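Here is a short report for a reader new to this structure. Please look over the sequence and the model before reading on.

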Amino acid sequence: MADQALAAEPTRRGFINWFLGTTAGAFLLAVLYPVARYLVPPPAGESASGTVTLPIKPDEVKPNSGQIFKFGNRPGILVRTPAGELRAFSAVCTHLNCTVQYRPDLSHIWCACHNGHFDLNGKNIAGPPPRPLEPLVVNTRGAQIVVAKGA
Ligand code: FES
């Protein structure tokens, strides 16, 4: 009888250890996997071809205005300066990655998250952004606006 109890004990203990081990392992996996997926950025950060034809016609962009567009899986901003020139930048703020916007009242690009300001060359001029916006190349082909990654 005692021999049976001793023989059964390791099996029961082994089962409990296995159960707790796999439960703990499953729990850790269930917690750590989403955290790791959140922390690791997605692999493609921009347009695969590096060139995007916008669904906006050049005459739809009025002077002293800006429009957000999709450049790959990131936002871009197309600006027509008060002088009438078209310019484009990545719309991802260089501070903490908020999307910037054009402020016609200030005639420059602004980030609402922490009051960051960029001039019409994308240069950071006030607030916390540490670097200029990434410039993009704008070309008009007839009624099309084509934006490409800068050199
Ligand atoms: S994210 Fe743009 S100013 Fe902070």
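## Salt bridges

The structure holds three salt bridges. A salt bridge here is a side-chain nitrogen of Lys or Arg within 4 Å of a carboxyl oxygen of Asp or Glu. In general, side chains of opposite charge can pair when their charged atoms come close. The model is predicted: local features need pLDDT of at least 70, side-chain atom pairs count only at pLDDT 80 or more, and totals for chains, interfaces and linings use all residues. Residues are numbered from 1 along each chain as its sequence is written, and side-chain values use heavy atoms, with hydrogens and water left out.

Glu134 forms a salt bridge with Lys149, with the closest N and O atoms 3.0 Å apart. Glu134 sits in the loop between β8 (124-126) and β9 (135-141), and Lys149 sits in strand β10 (residues 144-149), so the pair ties together parts that are 15 residues apart in sequence. Strands (E, at least two residues) and helices (H or I, at least four) are DSSP runs, numbered from the N terminus. Glu134 is partly exposed, at 32% relative accessible area. Lys149 is partly exposed, at 36%. Buried means under 20% relative accessible area, exposed over 50%, and partly exposed in between (1.4 Å probe, protein chains only).

## Two further pairs

Asp105 and Arg103 meet through their side chains in a salt bridge (2.7 Å, N to O). Asp105 has a relative accessible area of 56%, so this residue is exposed. Arg103 has 21% and is partly exposed.

Arg87 and Glu85 also form a salt bridge between their side chains, at 3.1 Å, N to O. Arg87 is partly exposed, at 22% relative accessibility. Glu85 is partly exposed as well, with a relative accessible area of 42%.

## A buried threonine

Which residues does Thr81 touch, leaving aside its neighbours within four places in sequence? Thr81 is in contact (heavy atoms within 4.5 Å) with Pro63, Asn64, Arg87 and Leu120. Thr81 lies in the loop between β3 (74-80) and β4 (86-90). Its relative accessibility is 4%, so Thr81 counts as buried.

## The disulfide and other cysteines

A search of the whole structure finds one disulfide. The term stands for a pair of cysteine sulfur atoms within 2.5 Å. The partners are Cys98 and Cys113, with sulfur atoms 1.9 Å apart. The pair links distant parts of the chain, 15 residues apart: Cys98 is in the loop between β4 and β5 (101-103), and Cys113 is in the loop between β6 (108-111) and β7 (116-118). The torsion about the S-S bond of Cys98 and Cys113 is about -95 degrees, so the disulfide is left-handed.

Cys113 is partly exposed, at 40% relative accessibility. Cys93 is buried, at 2%. Cys111 is buried, at 2%.

## The open sheet

In what order do the four strands of the open sheet run? The order is β5-β6-β7-β8, and the pairing is antiparallel. The edge strands are β5 and β8, and each pairs on one side only. Neighbouring strands of this sheet are turned by 40 degrees against each other on average, direction ignored. Axes are lines fitted to C-alpha atoms, for helices over the stretch in contact, and angles run from 0 to 180 degrees between N-to-C directions.

Two strands pair if DSSP finds at least two bridges between them. Two bridges join β7 to β8, which run antiparallel. Phe118 stands opposite Asn124 in β8.
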